[in-house]
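Here is a short report to read beside the structure. Keep the view open and find each part as you come to it.

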Amino acid sequence: MTLASAACSTATTETETACTLRLNSAPSLDLSLRGEGACSGELDLELWAAIEENGAPAWVRPPDAGLAVSGAWESVEGGVARGVVVENIGDGDARLLGLMWAGTRPPVKGADRMLQNGYQSWNYTGFLPLPDRSLPQPDADTFAIVAHGGDNEETPSEIAGTSWWWGAVADEKGNGVMAGADGGTVFKTYLGVAPDGNLQIIQGVTGDAVTLAPGAGKKLDGLFVTLGNVGEALDAYGEHVAATHPPATSDRPTLGGWGSWNVYYEEIHADEMVAEAEWMAENLLEHGLDDILLDDGYLPRWGEWSASVTFGTTLEELNDDLEALNLRPALWMAPFYVRTDAAMITEHPDWFLRDGEGNLRTFNNVGPDYAALDVSNEAVRAHMTETFRRLWNIGYRTFKIDFLFGGALEADYQSEMTSLESYALWMKTIREAVPEAHIIGCGAPLLPSVGWVDSMRTGPDIAFYVIPGPRYGFYAGQARHSSARAFTSRWYTMDPDVLILRGEGIDDREAWMAVVATALTGGNYLLGDGRQASDVRLAMALDPEILAMTRDGVAARAEDLGLVVDQAPVLSPLVDQTGVTRVPHIWRKDGEKGRWLAVFGWGDGVEYRTSLPAGTVELIPPAVEGETVTTKPISGAQTIAVEAHGVRVFRLNGK
């Protein structure tokens, strides 16, 4: 593949006119948007409501159901947006199941791909061909709607052609239409795409309902829509959401250090933690990497957030040992679930969600079953508050909270609320319990977590205990997630999972790719096996040139985002260990300490033509034991050739 450097700008150039968006008035449409110049396209959307009628759902025009939907479309930075308030202007109660904005025509000529985003941290995100299925058309006699999947506890059931929270349709140059909700607070939002690129934007209709008494209203999440370059559109969308739901902040905006999971998994012992901590004190502290994360494996069972007898010490004693080495202890939890053999199940049966037959609402995680707690129960919230305060008082200042999709289930709560209102109440409870803690979200619905978590896992696990060491395909998959979700660094620090480098599952060239891709996220920078990795690979991870890229909260953007297309969602890196997935090649980062360009040879390699400014240096990784990373000057017109599974990285500012 050969790529030429291209400027991404809305400024007028000889070959590109400025982007102009115009809102038209059309009585039959909720939105009529026209784009000219760099954002050419037409988007027309009709508004429908799903209501419960005679015990069954039906699509209607809002006025026909006695509903008024207020909130006008208006121009905002980078696009157009509207708020949404639904009011019952009828005589009886109305059961609102959701809203849909249905496209009446394909918005972009030549569109052949879509950006599909998964429901939560681990789910697939990337560009796919337009799906081979048409969108159903809603009417008053049917309940036709595009199918969705991959939500709640059914993470493997993603459906090509359906994108959660936000999505885009684009042509081969990466230009098209991008749309998304401005938050996730009441109904879940997803987008359906047809083979011709037509859209459905749906809020709700996943099992939730809102009852509106006569005269009552409900504020739902708004929408953001724009036309043009998809990468620029995502950044504009990210800014709009951040303004609506300000990001969480803590005194530790990014983490750096070590995490236990990808060496020890569930077999971690206190002696191993201390050994790793002593190694950290000798090798990582001087680089400012002092966070040490105890992941799953320390506890008796989910729901009992204390150390088991087999772990070898208490959490209090471990915290004291780690703090004595000047490290900052962090702790993994899955707070919304309890293993079904825990005493809490029988002691507090009213604490748990149940199905229509009174059985526990359970989730199976590769063996054990877990029951979901009901946050609408005040005693449950009090228990969760006490749990987090106890751990905070021990000394833990960072909490990695996992399997968070369990807090956003459509269910019969003890007080009426939607799945996302449940999620918000869960996160509010935790943040109020430990307001100064750094919270890492994992297995979390992405948009509803804005404003609640400080950092967020942006892809699936980088390794699994069935294949414990690193593999190139796992890193390729994570790089795809990092590039497609880079704009979310405006909401929370990206967490690309720990950096693992040991063993023969990857070679040194692939290890260097992994180091560079992880560092360029600007997010959490945790080593997973620094003590087990070779000296060369550890030197890669700890070189000052690499560390300067890290932990500033600024993620690199892919210049060629949208130009590479997978043929189907990659549901797990376990099925793509050789890295067949397609990943953008050209990443640029404008960070606090400098500017960088990385040219990756994902897949079969790449050639990239560009001009490098004066003062540019190329970073050269260590090639032999004991050699440190060096730099060499390079500037002017270049054809940068990168072999398969390689990367060349350049510091552009010469500082």
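Arg 595 is partly exposed, because its relative accessible area is 36%. This is a predicted model. The side chain of Arg 595 meets that of Asp 590 in a salt bridge, at 3.5 Å from N to O. Asp 590 is exposed, with a relative accessible area of 55%. The two residues are also bridge partners, with Arg 595 placed in E32.

Strand E31 and strand E32 (residues 595-600) pair over five bridges, in the antiparallel sense. They belong to an open sheet of six strands. Its order is E30-E31-E32-E37-E34-E35, and the pairing is antiparallel. E30 and strand E35 (630-633) are the edge strands, since each pairs on one side only.

## Other salt bridges

How many salt bridges does the count come to? The count comes to 37. One of them joins the side chains of Lys 400 and Asp 295, at 3.1 Å from N to O. Lys 400 lies in strand E25 (residues 398-401), while Asp 295 lies in the loop between E20 and H4, so this pair ties together parts that are 105 residues apart in sequence. Are these two residues buried or exposed? Lys 400 is buried, because its relative accessible area is 8%. Asp 295 is buried too, at 5%.

Lys 428 and Glu 432 give another case, with a salt bridge of 2.8 Å from N to O. Both residues sit in helix H7 (residues 419-433). They are four residues apart, about one turn of the helix. An α-helix has 3.6 residues a turn, so residues three or four places apart point the same way. Lys 428 is partly exposed, with a relative accessible area of 39%. Glu 432 counts as exposed, at 53%. Elsewhere, salt bridges link Arg 34, Glu 42, Asp 44 and Arg 105 in a network.

## Helix H3 and its neighbours

Helix H3 covers residues 270-283, which makes 14 residues. From its first C-alpha to its last, H3 reaches 20 Å. That is close to the 20 Å expected at 1.5 Å a residue.

Which residues of H3 are buried? They are Ala 270, Met 273, Glu 276, Ala 277, Trp 279 and Met 280.

## A covered strand, E10

Strand E10 (residues 113-117) is mostly covered, with five of its five residues buried. Arg 113, Leu 115 and Asn 117 point one way. Met 114 and Gln 116 point the other way.

E10 has pairing partners. It pairs with strand E11 (residues 125-129) in the antiparallel sense, over five bridges. Three bridges join E10 to strand E13 (residues 166-170), again running antiparallel. Leu 115 stands opposite Phe 127 in E11, and opposite Ala 168 in E13.

Leu 99 is found in strand E9 (residues 94-103). It counts as buried, because its relative accessibility is 0%. Leaving out residues up to four places away in sequence, Leu 99 touches a list of residues including Leu 47, Trp 48, Val 84, Ile 201 and Leu 220. Met 114 is 15 residues from Leu 99 along the chain, and their C-alpha atoms are separated by 22 Å.

Asp 93 is found in the loop between strand E8 (79-88) and E9. It is exposed, because its relative accessible area is 58%. Asp 93 touches Asn 88, Thr 211, Leu 212, Ala 213 and Pro 214, not counting residues up to four places away in sequence.

## Loops and a surface patch

Val 205 has a phi near 60 degrees, a positive value in a residue other than glycine. Its place is in the loop between strand E16 (199-204) and strand E17 (210-212). Val 205 counts as buried, at 11% relative accessibility. Arg 551 also has a positive phi, near 65 degrees. It lies in the loop between helix H11 (544-547) and E30. Arg 551 is partly exposed, at 23%.

Val 366, Tyr 465, Val 466, Leu 574 and Val 575 form a nonpolar patch on the surface. Together they have about 520 Å² of accessible area. Leu 574 lies in the loop between strand E30 (557-558) and strand E31 (586-590). It counts as partly exposed, because its relative accessibility is 31%.

Methods:
Residues numbered from 1 in each chain as written. Predicted model: local features only at pLDDT ≥ 70, side-chain atom pairs only at ≥ 80, totals over all residues. Heavy atoms only, no water. Expected span 1.5 Å × (residues − 1). Buried < 20%, exposed > 50% of the residue type's maximum accessible area, 1.4 Å probe, protein only. Patch = residues over 30% accessible without salt bridge, like charges linked within 9 Å, V, L, I, M, F, W, Y side chains within 5 Å. Areas by Shrake-Rupley, 256 points an atom, 1.4 Å probe, with all protein chains shown as cover. Salt bridge = Lys/Arg side-chain N within 4 Å of Asp/Glu carboxyl O. Pairing = 2+ DSSP bridges. Contact = heavy atoms within 4.5 Å.
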